[in-house]
Amino acid sequence: RFPIVSAVDIGGVTIARNDVVREDDPTNNVPDSIFSKLGMQLHRRDKHPIGIIKNAIYHYFDSNYAKKFETFEDLSPIVTTKQNFDDVLVPADHVSRSLNDTYYVDSQTVLRCHTSAHQAELLREGHRRFLVTGDVYRRDSIDSTHYPVFHQMEGFCVFSPEDWNESGKDSTLYAAEDLKKCLEGLARHLFGAVEMRWVDTYFPFTEPSFELEIYFKEDWLEVLGCGVTEQRILKQSGLENNVAWAFGLGLERLAMVLFDIPDIRLFWSDDERFTSQFGKGELGVKFKPFSKYPPCYKDISFWISESFTENNFCEVVRGIAGDLVEEVKLIDSFTNKKGMTSHCYRIVFRSMERSLTDEEVNDLQSKVRDEVQRKLNVELR
Ligand code: FA5
Ligand code: MG
C-alpha cells in the first residue's frame, strides 16, 4: 500500500531510506509507512490546518508578549537518545524508551517522540524563550485521536529573580501561575468560550506538571502537557538562579477542536474535498464532512505469546491497511486453565474518501491474519 520512497528531504537535507529503515539492524523498528512521513512538514504549509493553527499560536505569542519568543520549525526529527531522553531526565527504565513505544533508527538514534528533545540544546545555545514546532513519532494505539506521526509545539520560557520578586510569590508558584494563564489565554484566543479543565500529572522534566483537557464531541480530550521545569535541566545549561516553564501542545488535537475535524487521519489526506476547505489565516472554518462512508467491522482472536504487545499488533494492521483502519480495540480477553491468554480485537475499517468493497476488506483482513501469525508469534483461534 505504501509506495516505497527511497529518500526524503528534511529541511533541505536528503535522507536515504536505508539510513532510517535499516533491515540489518536488529534495533531498527521504523517501517516504510513511517519513513515516508518524514519529509512531509505539514506544519510548514500555510493552507493546511496544522500550519494554520501554528501561525495562529505564533500570533498569540507575538501580540501578548513584549519579549519575543524565538521560533524553530525545521530541526531534524532524527535525534539521539540523549536528546530525546537523557537531557530531559527520562529515567533509564522509563517505558517511553522501549522499542514498543519509540521508533529506533539504531540503538542511539530515534525519531523524536516529543519536541522536548530540543529543550536542552536550545538552552545550551543561549535561547531563553522559544517555540519549537515539528513532527513527532510514537508507536501507539489506533483510534480517531491517535496517530503514529503527529505534530507538537514546545514552548519554553525562562524567568529571572526580578520577574518574580515583585510578585512576592515563590518562584515555582509564580511560574506555574504564569504558565496556566498563558495557556488559558491561548485556548481562549483559539476557541473563544470552551469548556476546559486542568489535570495534575507527571513528567520527568517538570514539577509540578499538568495536562489541559478540552470538552470535545462529548468527551474530555487531552490537548497538551506542561509544567515548571526541573532545576537540574536549567543547571545543566548553567542557569543557576532561574525558574522556567515549558509546554508541549498536540497540534492535531487543537486543530480537531478548532476546525471540528472528527478523525486524525484526515490531516494526511490529499483529497481535495478536505484540503480545499482550509485557507491561509482562516480560523473560523468548520470542517464539513464530505460523507461518512460505512464502517466494516472484523474480529480476530488469537492466543498471545509473552512478547505480544498491542502496539506491535497495531503496527501490523497499519502496515497492511494504512489509513483504511479507523480503530483497533480489544473487545475480549481471558486466560484458560493452562494459563494461555486469548485476545479478541475488533478492527474497524473505513475509508475517509470512498466506500470499501467486501472483497477489499476481506482481503485486508486475510493479510492481517497471515501477518500476525508470521510476525507476532501468536496462534490464531
Ligand atoms: C509530552 O510529549 C511532553 N513532552 C509535553 C511537555 C512538554 C510536558 C514540556 C511538560 C513540559 P504527552 O505525551 O502528554 O507529553 O504529549 C503531549 C500532547 O501530544 C498530548 O497532550 C496530545 O495532545 C498529543 N499526543 C500524544 N500522543 C498523540 C498521538 N498518538 N496522536 C496525536 N496526538 C498525540
Ligand atoms: Mg499526556
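Figure 1. The protein is divided into domain 1, residues 7-268, and domain 2, residues 296-380. The model shown is predicted. Taken over C-alpha atoms, the centres of domain 1 and domain 2 are 31 Å apart.

**Figure 2. The interface between domain 1 and domain 2.** On the domain 1 side, 18 residues are in contact with 14 residues of domain 2. The size of an interface is often given as the accessible area lost when the parts come together. Between domain 1 and domain 2, about 1400 Å² is buried, and carbon and sulfur atoms give 46% of this area. The residues of domain 1 that lose the most area to domain 2 are Arg-139, Ile-142 and Arg-265, which together make up 52% of what that side buries.

**Figure 3. Polar and charged links across the interface.** There are 2 salt bridges between domain 1 and domain 2. The side chain of Arg-139 forms a salt bridge with that of Glu-315, with an N to O distance of 3.1 Å. The side of domain 1 that touches domain 2 consists of 7 nonpolar, 5 polar and 6 charged residues.

**Figure 4. The largest cavity.** The structure holds 4 cavities of 30 Å³ or more. The largest cavity has a volume of about 80 Å³. Its lining is made up of 12 residues, and those nearest the centre of this cavity are Ser-33, Ile-34, Tyr-147, Pro-148 and Arg-318.

Key. Residues are numbered from 1 along each chain as its sequence is written. Chains are lettered from A and ligands numbered from 1 in the order in which they are written. This is a predicted model: local features need pLDDT of at least 70, side-chain atom pairs count only at pLDDT 80 or more; totals for chains, interfaces and linings use all residues. Side-chain values use heavy atoms; hydrogens and water are left out. Domain bounds come from an automatic or database domain assignment. Contact means heavy atoms within 4.5 Å. Buried area is the accessible area (1.4 Å probe) that two parts lose on being put together, summed over both. A salt bridge is a side-chain nitrogen of Lys or Arg within 4 Å of a carboxyl oxygen of Asp or Glu. Ala, Val, Leu, Ile, Met, Phe, Trp, Tyr, Cys and Pro count as nonpolar, Asp, Glu, Lys and Arg as charged, and the others, Gly among them, as polar. On a 1 Å grid over the protein atoms alone, a cavity is a set of points where a 1.4 Å probe fits but cannot get out, and a pocket is an open set with protein on both sides within 12 Å along at least five of seven lines; lining residues have an atom within 4 Å of a point. Grid points are joined across faces, edges and corners, and a volume is the space filled by probe spheres set on the points.
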